[in-house]
Amino acid sequence: MLTRFAGGVHPPEDKNTEDRAIEVMPAPKKVYIPFSQHTGKPAKPLVQKDDEVKIGTRIGELDGFISASVHASISGKVLGIVEHPHPIVGTSLACVIESNNSEDWIGDLQTDQDTDKLTRTQILDAVKEAGIVGLGGAAFPTHVKLSPPKEKKIDTLIINGCECEPVLTADHRLMLEYTAQIIEGAQLFQRVLDARTLIFAIEDNKRDAGELFRKTGVEVVQLKTKYPQGAEKQLIKAILKREVPRGGLPMDVGCVVHNVGTCYAALLAVKFRKPLIDRVLTVAGDGVKRQKNILVRVGTPVSDVIEYCGGYVGSPKRLIFGGPMMGIAQYAANVPVIKGTSGILVWQQAKMVEEGPCVRCASCVDACPMGLMPTEICSHVRNKNFDMAKSYGVLDCIECGCCAYVCPACIPLVHYFKYGKSEVWRKSKQ
Amino acid sequence: MEKIETVSEMLIVSASPHIRATRKTSLAMRVVTIALLPALIFATYLFGLRVLLITIISILFAVGCEALMQRMLGKKITIADGSAILTGLLLAFNLPPGVPWWLPAVGSAFAIIFAKQLFGGLGYNFINPALAGRAFLMASWPSLMTKEWLTPVGGTLSGIDGITTATPLSLLKNPANYGNPEIIIRQLNDFDTIRDIFFGRIGGCIGETSALFLLIGGLFLIFLRIVDYRIVVGYLGSFVLLVWLLPTQGSVLFHLFAGGLLLGAFFMATDWVTSPVTKKGRWIFGIGCGVITVIIRIWGGYPEGVSYSILLMNVFTPLIDRLTKERVFGELSKKGVKK
């Protein structure tokens, strides 16, 4: 069954690493673990300089409702709490840990809990303790998403295995190699949410993964390969024909969406009390010797990851965290991998383009999956007419990049929208 | 606090997305130009090398004026984007093949200088420059613009004497000027005549004669999604419907293939810059063009109505865009149900 949402684009997929099994990268010598790796308030530091930590030691405690705990990903000594380059927000407070070359885990790591006996609250607490966040990219604290207000009845849980970003194959590999664990994790989520239906959403360029899931008897919806198929609202629309209202959340239409990687991480958290200290990501691009899917400790500097992948080819001009459509270009080669890092792209070329005048071709209007008029919003933002930008829906923009991708004049529309949004928010705070 | 560690690599930072589709403005302009070439080659075959000369003059003046204006205004010279070439070509397509050589030069200069560059250049002009050029020439030298029809040497319109100096549409408008009205009208709606009109063996503007080649080029552009089908379907659909409903002496097929309708519907009304960006707006725009064309052809003073209908709708484009905003995903109407 192929279903669809309006708009979207189909960039070259370039998924060159889909046949490469996940490799485990050894622990690095030093990690830089930011206290803010999630949507919401940064975690409160719990350690200080010269403290000894083990793998899994909680070094940052969640602060407030929307926040997540942070744990040490290697065992060793805390060198300090410093400002360090951060892949999303420029710089932020990070805990620097130097390895003592041992693989000492925290003591209370349990083996194989019988998850069937756990209550809803126990599962939720385990997820919260482990600092699980959405691994699809936005890194929203998972325990928050699993605790919708009572009046919002959730009937459907969708597990997102679309991986619609070109190049990235980490979720694909995870689905092939850890099928059973993902399903078990998803079923835990289903129990917590008391959702009637559990649906696995997989794009039709990953039929092998879809087959594996279908064989186990779970419900799989195969979706057309189209970007941004994995965006929550578009996914819900394509599968359930429900539209999340403007400014609303999936729970407003009785739905919750979780990424496949999150299910896997949550299962390990519930079953073994394993905190989120590593994640699978794709390393790709013409600027790196060996393209791979690897399991990397959170906090590993990207330079170490590249070294593990054979080093740079030539001198890199571009370093992108995430996919080519929504990823974030990095300015420093020592930024750490964080919980939400789904891929590392290294390019030898900067692929610079020159911006031309808008020729009103309307490609952006046709491509926008949110039904916006990107060219109109862009001209209002440029004229600093933020009220008009808001009335044309700049806040509805999901920054998927479809408009800028198709723009024949190479206008950096997403750049203008990010700026426009920040200005609208700033004005509304005043 | 420790100092932030520095890095040696020269990394380039920009906002996402980091990949772009290959269809750039200049490429699209070139593809449209290529889609018009079959009609140009056919017109050269019909009316002789004179057609090529007029086209080249038109293009040279368009490109030259663009460069000159940009230089005078202290802007970057962007003639490589191919938009001026296209304007020159389209203007030539809208001229009778027998016009004096200076006419395309003046028309192109007006189109580029007044209709395009003075409004800010590519993307900022509110009316189609080529059509503005044509309208300017029509107003200034009406006799040159309506009388210089040449006999197509590649074939003749069978059975009607004297039609070689008139277009089928002017015959339809004032049949009494060319002989017995009843006979002329009957012959115009004849299968053989319509076949000649379809293949282009008739008098007319350089680019409008061959319905066949325009259709091939236009459908090619729709296939590549450079031309939006909504405008074309809206235009031709409303046109056909009205011609069929309203009293006119020409048959539907005659009206569809005669004159500049296909050239206008596929290549002029669909100009990116001067047509609406909303999907609903593009339907309205196309339908508006169709309605105005029919009104001019049936009740107006001109035998043809395509260029003025498009120019009029160009003027309405900003208004149409404002009144037909797209429905934002998840937007509810006031009653709380989906619009």
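Reply: A residue is buried if 20 or more other C-beta atoms, placed from the backbone, lie within 10 Å of its own, exposed if 12 or fewer do, and partly exposed in between. By that count, 51% of the 339 residues of chain B are buried. This is a predicted model, in which local features need pLDDT of at least 70 and side-chain atom pairs count only at pLDDT 80 or more, while totals for chains, interfaces and linings use all residues. Residues are numbered from 1 along each chain as its sequence is written, and chains are lettered from A and ligands numbered from 1 in the order in which they are written.

Me: How many helices and strands are there in chain B?

Reply: Chain B has 15 helices and zero strands, where helices (H or I, at least four residues) and strands (E, at least two) are DSSP runs numbered from the N terminus. Its C-alpha atoms fill a box of roughly 100 × 55 × 30 Å along the principal axes. Two residues are in contact if their C-beta atoms, placed from the backbone, lie within 7 Å, and among the contacts in chain B between residues at least 6 apart in sequence, 74% join residues at least 24 apart.

Me: How many residues of chain B are in contact with chain A?

Reply: On the side of chain B there are 38 such residues, and they meet 60 residues of chain A. The chain B side divides into 18 nonpolar, eight polar and 12 charged residues, with Ala, Val, Leu, Ile, Met, Phe, Trp, Tyr, Cys and Pro counted as nonpolar, Asp, Glu, Lys and Arg as charged, and the others, Gly among them, as polar.

Me: Why are helix 1 of chain A and helix 7 of chain A called roughly perpendicular to each other?

Reply: Helix 1 (residues 120-129) and helix 7 (residues 260-272) of chain A pack at an angle of about 110°, with their axes 9 Å apart. Axes are lines fitted to C-alpha atoms over the stretch in contact, with angles from 0 to 180 degrees between N-to-C directions. Angles under 35 degrees count as roughly parallel, over 145 as roughly antiparallel, 65 to 115 as roughly perpendicular and the rest as oblique, and therefore helix 1 and helix 7 of chain A are roughly perpendicular. Ile123(A), Ala126(A) and Val127(A) of helix 1 meet Ala266(A), Ala269(A) and Val270(A) of helix 7, so that, by the classes given above, this contact has six nonpolar, no polar and no charged residues.

Me: What makes helix 1 of chain B oblique to helix 2 of chain B?

Reply: Helix 1 of chain B and helix 2 (residues 50-72) of chain B pack at an angle of about 135°, with their axes 7 Å apart. That angle makes the pair oblique. Leu40(B), Ala43(B), Thr44(B) and Phe47(B) in helix 1 meet Arg50(B), Val51(B), Leu52(B) and Thr55(B) in helix 2, which gives five nonpolar, two polar and one charged residues.

Me: Which residues touch the most other members of the largest nonpolar core?

Reply: A nonpolar core is a set of buried Ala, Val, Leu, Ile, Met, Phe, Trp, Tyr and Cys residues joined through C-beta atoms within 7 Å. In the largest one, of 144 residues, they are Ala266(A), Ala269(A) and Leu413(A), and helix 7 of chain A gives the most to this core, with nine residues. A second, separate core of 91 residues includes Val51(B), Ala62(B), Cys65(B) and Cys289(B).

Me: Is Val167(A) buried or exposed, and how do you know?

Reply: Val167(A) has 26 other C-beta atoms within 10 Å and is therefore buried. Its place is in the loop between strand 9 (156-161) and helix 3 of chain A, and its phi is positive, about 70°, although it is not a glycine. Asn101(A) also has a positive phi, of about 60°, but with 10 other C-beta atoms within 10 Å it is exposed. Most residues other than glycine have a negative phi, and most peptide bonds are trans.

Me: Which peptide bonds are described as cis?

Reply: The bond from Tyr227(A) to Pro228(A) is cis, with omega near -5°, and Pro228(A) is found in the loop between strand 11 (219-223) and helix 6 (232-240) of chain A. The bond from Ser16(B) to Pro17(B) is cis, with omega near -5°, and Pro17(B) is in the segment before helix 1 (25-47) of chain B.
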